[in-house]
Amino acid sequence: MSNIAVFGDISTNGIDGSSIWLQSICNVFASEGHNVSLILRDKPILSSITDGLDSKVMIINPWQQSYSEISSENTISPEELINLLTVINEVEVLDHIIMRAPRFLEELYRYTMKARSYDLINKVDAYFARLNIFSEDYDLSILSTVHFAINRLIVQTEQMRDYAEQLYPNLVGKVIVLNPMIPKTYDIENSKIANKIGHKSVIYAGKLDTNYLIEDYVDNAPLINILGFDVSLVGSKFNTVKSDKTFKSRVENKIESSDIEWIKILSREQTIEKVSEATFLVSIRAKHFDSDNEISTKLLESIASGTLPIINKNKVNISIVGEDYPLFANSFAELEFVVSQFSLTIENYKKVLRDVQKRVNKYTFKNIYNRQLKNFYEKNTVTIDPSFIVEKKKVLVASHDNKFLNQVLLGLKDNEEIEIRFDNWKTTSQHDQKLSEQLLDWADIILCEWAVGPAVFYSQNKQEHQKLLIRLHRFEITTEQPYKINAENVDSFIVVSDYIKDFCIKNYHWPEDKITVMPQFADTHHFERSKISGYKYNLGLLGCIPSLKRLDRSLDILEELRKIDKRYTLYIKSKMPWDVPFIWNKEEERAYYADQMKRIESSKWLKDAVVFDNYGNNVAVWFRKIGWILSTSDIEGCHTAVAEAMSSGSKAVIFDWPGAQDVYSLNEIFVSPIAAAQHINDNSEFVEYQLQQQKKYCFSKFDISKTLEFYNNFIVNNQLIKTDKKVDIVKSI
């Protein structure tokens, strides 16, 4: 497991959402076996946060450690933190540094630029609680400076991930959505619910903030008492605003002169226990929070502990408790009605609680880790036997275009037992002959991406001690190059479908036992994101050029659907034909697209129902609005966009291009746009269980880990020497 250092520009001497987050992030990693060190910002006075840490978390008190000297009296300075992290990294060899500390990150960046030492900042996974779209936003200004240097970005919501990835394309695939988390949910016995009903009470726990309507809560305490409820308040941290300088003293006086039970300081565990005793948690916030996508940790904790919350009816709360939750109140004026209308019986309370606990179970440490963190922080390994390896294996990658192999190459570079060099050809047939010959003499293992010129050259010149792997996609079978490959000198071929495999055996006489069918990989976890409202009626076409992509079929499907329901819309994310010279230079291509554009403008079913989105690598963001991905082509290799979309929770309509049924055996294959449209209309419900099965199918067949494992094993098997000793080599991160 990983060595992780955690630091927040947060005091652990008090309890609020930030310090609870700090505690949670340490505990969730420690509970999964990672080595976690929490570096304190402030000299410890109270232990309410640190007492709740997993026993395996190492607490580094800057004023009581031997790594470096700290001269600051109460709060560590950015310079001191950098010095401390530098020494810890040298001694412990950190894998990750999780920082929720923008101003400290800014100083680390300045240090990095000055010292030209990137080791620390390249390990930073930077957490930003909010990213505002306004240019004057402080956090955003820091991220705009450091985004290229940090390892990853951690944010709270899908909306923030979308925004960050569109703003900074280099972060695509490196943004983690980390929701608030809770240790677990608790089974509540009937006797405890009976006690809640027999001794009715409401509680507020958290910041004393005007935006959290704490003064309204205090002012409404007498009314709540009249309804038969005792009133409690846990918290002492006031958030004041300049426009209301008397807020703190005024609220304090009101609380102290009331019958409210005010408990100023409790640990997280004690607060959860106190909340669990109440009948209801009151968490009604100011109206402007309705547009906020932040999930309340207190809301999750309340439900987990067995207490039903009274909350605003807004989008984020509905996503947690459901549309039909009976305790929504948008203001304290609605409180009396909401409480009075709720059937306060053991049976009803338990039923409502059971329903919402089931919904929030996904926010437990275990589930958050498995869904949102595991794929970023765990190293998958393969067991090999490399005793007495004298030197690294020399791996040569030869290709005119590595765009479909880059993610695999990143994974291979993590294998410290290999050295990689590249023979980059200018075209599929043009190269530096002298350089290729030099690299041929150097290499132990040769990987040819595409079955074109490099594959021909190295298959004809490979030396006896070398191993050669060639991967064929699809376009190669439209050329003469594969015929020239000396299959006897090739150790392994990869092709993307059974159709292509059969074609190669029949036409090139490649030995069947040398061919492995492996579709082009997809980073399936990267696309697994929540959908936006209305997505079920959105069709998606990812790439509409050249004409063999059959945009006309997609338009046929849309026309048929809009005759039934005008909510259907087609979104096309693609380069346009006039942006690609080799397409636009062909008269038949120009004529085809001219016809499609005229059709869109003239058809009453299509006009205003086709949207051309900007081409770019923010595909995972785009999939969030797509309900149905269309694969209407005449020819495809394996059409990876379909696997990516299915991994995101979109359904697929796939036409009968050669090999389609073999690649997508889970799906129905179509020959008619009318039949495809009818299928979409008949299957308009998106059943969660079926979508989960679809995602599992995509992972098992297309996930990048499968391709990386194959390549790693191809290389590793060449390293094996007979011995009983074992060692783990990194396969993927």
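**Close-up views of a predicted model**

**View 1. E32 and K366 in a salt bridge.** In this predicted model, E32 has a relative accessible area of 15% and therefore counts as buried. E32 forms a salt bridge with K366, and the closest N and O atoms of the two residues are 3.3 Å apart. Because E32 sits in the loop between α1 and β2 (35-39) while K366 belongs to helix α15 (residues 365-377), the pair ties together parts of the chain that are 334 residues apart in sequence. K366, with a relative accessible area of 46%, is partly exposed.

**View 2. The salt bridge between E528 and K695.** The side chains of E528 and K695 meet with a distance of 3.8 Å from N to O. E528 is placed in the loop between α20 (524-527) and β22, whereas K695 lies in helix α28 (residues 688-702), so the pair ties together parts that are 167 residues apart in sequence. Of the two partners, E528 is partly exposed, with a relative accessible area of 38%, and K695 is buried, with a relative accessible area of 16%.

**View 3. The largest nonpolar core, with F280 among its members.** This core holds 80 residues, and those that touch the most other members are I25, F29, L233, F280 and L308. Helix α1 (residues 17-30) contributes the largest share of the core, 7 residues. When neighbours within four places in sequence are left aside, F280 is in contact with S201, V202, I203, F229, T307, L308, I310, L327, V339, F342, L344 and Y349. There is also a second, separate core of 54 residues, which includes V495, I500, A643 and M646.

**View 4. The buried and exposed sides of helix α27 (residues 673-682).** The buried residues of this helix are P673, A676, A677, H679 and I680. Because they cover an arc of only 155° around the axis, they fall on the same side of α27. On the other side of α27, I674 and D682 are exposed. The buried residues of α27 pack against β22 (538-542), α21 (551-562), β25 (628-631), β26 (651-655) and β27 (669-670). At the start of α27, a side-chain oxygen of S672 comes to within 3.2 Å of the backbone nitrogen of I674.

**View 5. S399 in strand β16.** S399 lies in this strand, which covers residues 393-399, and with 1% relative accessibility S399 counts as buried. A polar atom of the S399 side chain lies 2.8 Å from the backbone nitrogen of D401. Not counting residues up to four places away in sequence, S399 touches D423, N424, W425, E449, W450 and P454.

**View 6. T707 in helix α29.** The helix that contains T707 runs over residues 704-719, and T707 is buried there, with a relative accessible area of 2%. Apart from residues up to four places away in sequence, T707 touches V408, M518, P519 and F521. The C-alpha atoms of T707 and A522 are separated by 9.5 Å, although these residues are 185 residues apart along the chain.

**View 7. The cysteines C544 and C26.** A search of the whole structure finds 0 disulfides. For C544, the closest cysteine sulfur is that of C638, and the separation of 20 Å from the sulfur of C544 is too far for a bond. C544 counts as buried, at 1% relative accessibility, and C26 is buried as well, with a relative accessible area of 0%.

Definitions and conventions. Residues are numbered from 1 along each chain as its sequence is written. This is a predicted model: local features need pLDDT of at least 70, side-chain atom pairs count only at pLDDT 80 or more; totals for chains, interfaces and linings use all residues. Side-chain values use heavy atoms; hydrogens and water are left out. A nonpolar core is a set of buried Ala, Val, Leu, Ile, Met, Phe, Trp, Tyr and Cys residues joined through side-chain atoms within 4.5 Å. Buried means under 20% relative accessible area, exposed over 50%, partly exposed in between (1.4 Å probe, protein chains only). Helices (H or I, at least four residues) and strands (E, at least two) are DSSP runs, numbered from the N terminus. Contact means heavy atoms within 4.5 Å. The arc is that of the directions from the helix axis to the C-beta atoms. A polar contact is a pair of N or O atoms within 3.5 Å; within protein, one must be able to donate a hydrogen and the other to accept it, and residues adjacent in sequence count only if both atoms are side-chain atoms. A disulfide is a pair of cysteine sulfur atoms within 2.5 Å. A salt bridge is a side-chain nitrogen of Lys or Arg within 4 Å of a carboxyl oxygen of Asp or Glu.
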